[in-house]
Amino acid sequence: MNSTIDTILSHRSIRKFKSEPLKQAQLDIIIDAARASSTSSYLMAYTMIGVTDPDKKRALASISNQSYIEENGHFILFCGDYHRHMLYASDKEKAVMAQNVQSTEYFMIATVDATIAAQNMTIAAESLGIGVCYIGSIKRDLDLVNDLFDLPEHVVPLFGLALGYPDEQQEIKPKLPKDAVYFENSYKDDPSHKDVLAQFDQTIEAYYRTRSTNKRTDSWTNQMIKTLHNERNNRLTPYVKEKKFNNR
Ligand SMILES: Cc1cc2nc3c(=O)[nH]c(=O)nc-3n(C[C@H](O)[C@H](O)[C@H](O)COP(=O)(O)O)c2cc1C
């Protein structure tokens with residue numbers, strides 16, 4: 001249809017990068033693409049931290065259990081951030097602001113702003129032939145990430161983006177069909193919803209069975225039942241609250 005749509009529809013996560021570092025001009029332009037994003041109330045409630053220090057990359061690779069982060073490519077940590085918003089406030093103003101940003105709404109705004117910026121960066125990067133993989137597993141040790149990057153109060157790490165020139169060919173991973181994720185005028189939870197998922201299970205089973213790497217026998221619905229049996233990160237809730245987010 002056009003090259004932007006082609007780029008978006010060709011997305012696949014890349015987890016193996018060439019040793020060639022990203023060109024500075026390309027890095028600058030993808031940072032600009034992130035900065036150009038829509039943002040709630042003009043807050044731009046996020047910060048990106050590019051990680052070039054080999055020791056910090058090694059630590060991130062270990063925390064997230066993804067060795068390629070240490071080996072090659074670039075890494076950008078995306079954080080929700082209301083620190084800068086208070087820098088010009090008086091003590092009296094800051095006291096009120098510091099209370100208000102602890103609402104669930106401000107927490108959501110920060111995560112949404114950071115995510116939109118990251119996805120704009122992703123599309124820009126992929127359009128330049130750079131592969132990316134989001135890394136949520138940095139949350140496996142939030143306290144260490146916090147210390148590694150000197151994150152102040154009102155700044156929380158959300159996820160990372162590993163970027164580099166692809167050194168692997170990955171098939172495109174099938175996604176839920178339109179009938180499963182797009183409804184009109186109301187949520188449509190009739191029996192057809194389950195039928196669409198059953199059909200998708202067949203698609204994803206064939207994909208897992210035939211893809212070139214990490215072949216497996218699994219369906220999407222089964223995978224989701226297993227995934228949502230994981231309690232996930234017990235430390236996240238207190239950590240976020242300690243950083244003065246999502247307390248009200
Ligand atoms: C917020 C977020 C966090 C993710 N965290 C990880 C991660 O820690 N490790 C990883 O290998 N992939 C991670 N991924 C990539 C997903 O596994 C991947 O996007 C999904 O399986 C779909 O595959 P695709 O990106 O190739 O289409 C993450 C994706 C998102 C959006």
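**Figure 1. The largest nonpolar core of the predicted model has 56 residues.** Seven of its residues touch the most other members: Leu60, Phe75, Phe78, Tyr82, Ile135, Phe149 and Leu163. Helix H6 contributes the most to this core, with nine residues. Phe149 touches Ile49, Val51, Lys56, Leu60 and Leu77, leaving out residues up to four places away in sequence.

**Figure 2. Phe78 and Phe159 form a stacked aromatic pair.** The structure holds nine aromatic pairs. In this one, the ring centres lie 5.3 Å apart, with 20° between the planes. Phe78 belongs to strand S2 (residues 74–81) and Phe159 to strand S4 (residues 155–164), so the pair ties together parts that are 81 residues apart in sequence. Both Phe78 and Phe159 are buried.

**Figure 3. Tyr82 and Tyr106 pair edge-to-face.** The centre-to-centre distance is 5.6 Å, and the planes are at 85°. Tyr82 sits in the loop between S2 and helix H5 (91–100). Tyr106 sits in helix H6 (residues 104–127). The pair therefore ties together parts that are 24 residues apart in sequence. Tyr82 has 1% relative accessibility and counts as buried. Tyr106, at 30%, counts as partly exposed. Ring pairs link Tyr82, Tyr106, Phe107 and Phe245 into a cluster.

**Figure 4. Helix H3 spans residues 54–64.** Its buried residues are Lys57, Ala59, Leu60, Ala61, Ile63 and Ser64. Among the elements that cover these buried residues are S1, helix H4 (68–71), S2, strand S3 (131–135) and helix H7 (142–148). Asp53 caps the N-terminal end of H3. One of the side-chain oxygens of Asp53 lies 2.8 Å from the backbone nitrogen of Asp55. After H3 comes Asn65, with a positive phi near 60°.

**Figure 5. Thr47 makes a side-chain polar contact with Arg84.** The two side chains meet at 2.8 Å. Thr47 is placed in strand S1 (residues 46–51). Its relative accessibility is 16%; buried means under 20%, so Thr47 counts as buried. Beyond four places in sequence, Thr47 touches Leu77, Phe78, Cys79, Asp81 and Arg84. Phe78 is also a member of the stacked pair with Phe159.

**Figure 6. Arg216 lies over the face of Tyr208.** The distance to the ring centre is 4.4 Å. The domain assignment of the chain gives domain 1 (3–170) and domain 2 (178–224). The C-alpha centres of domain 1 and domain 2 are 29 Å apart.

**Figure 7. Pro174 is in contact with Phe200, Thr203, Ile204 and Tyr207.** This list leaves aside neighbours of Pro174 within four places in sequence. Pro174 lies in the loop between S4 and helix H8 (178–181). With a relative accessible area of 22%, Pro174 is partly exposed. Pro174 and Phe200 are 26 residues apart in sequence. In space, their C-alpha atoms are 8.6 Å apart.

Note on methods
Residues are numbered from 1 along each chain as its sequence is written. This is a predicted model: local features need pLDDT of at least 70, side-chain atom pairs count only at pLDDT 80 or more; totals for chains, interfaces and linings use all residues. Side-chain values use heavy atoms; hydrogens and water are left out. Domain bounds come from an automatic or database domain assignment. Rings of Phe, Tyr and Trp (its six-membered ring) pair if their centres lie within 6.5 Å; planes under 30 degrees apart count as stacked, over 60 as edge-to-face and the rest as tilted. Helices (H or I, at least four residues) and strands (E, at least two) are DSSP runs, numbered from the N terminus. Buried means under 20% relative accessible area, exposed over 50%, partly exposed in between (1.4 Å probe, protein chains only). A charge sits over a ring if NZ of Lys or CZ of Arg is within 6 Å of the ring centre and within 35 degrees of the ring normal. A nonpolar core is a set of buried Ala, Val, Leu, Ile, Met, Phe, Trp, Tyr and Cys residues joined through side-chain atoms within 4.5 Å. Contact means heavy atoms within 4.5 Å. A polar contact is a pair of N or O atoms within 3.5 Å; within protein, one must be able to donate a hydrogen and the other to accept it, and residues adjacent in sequence count only if both atoms are side-chain atoms.
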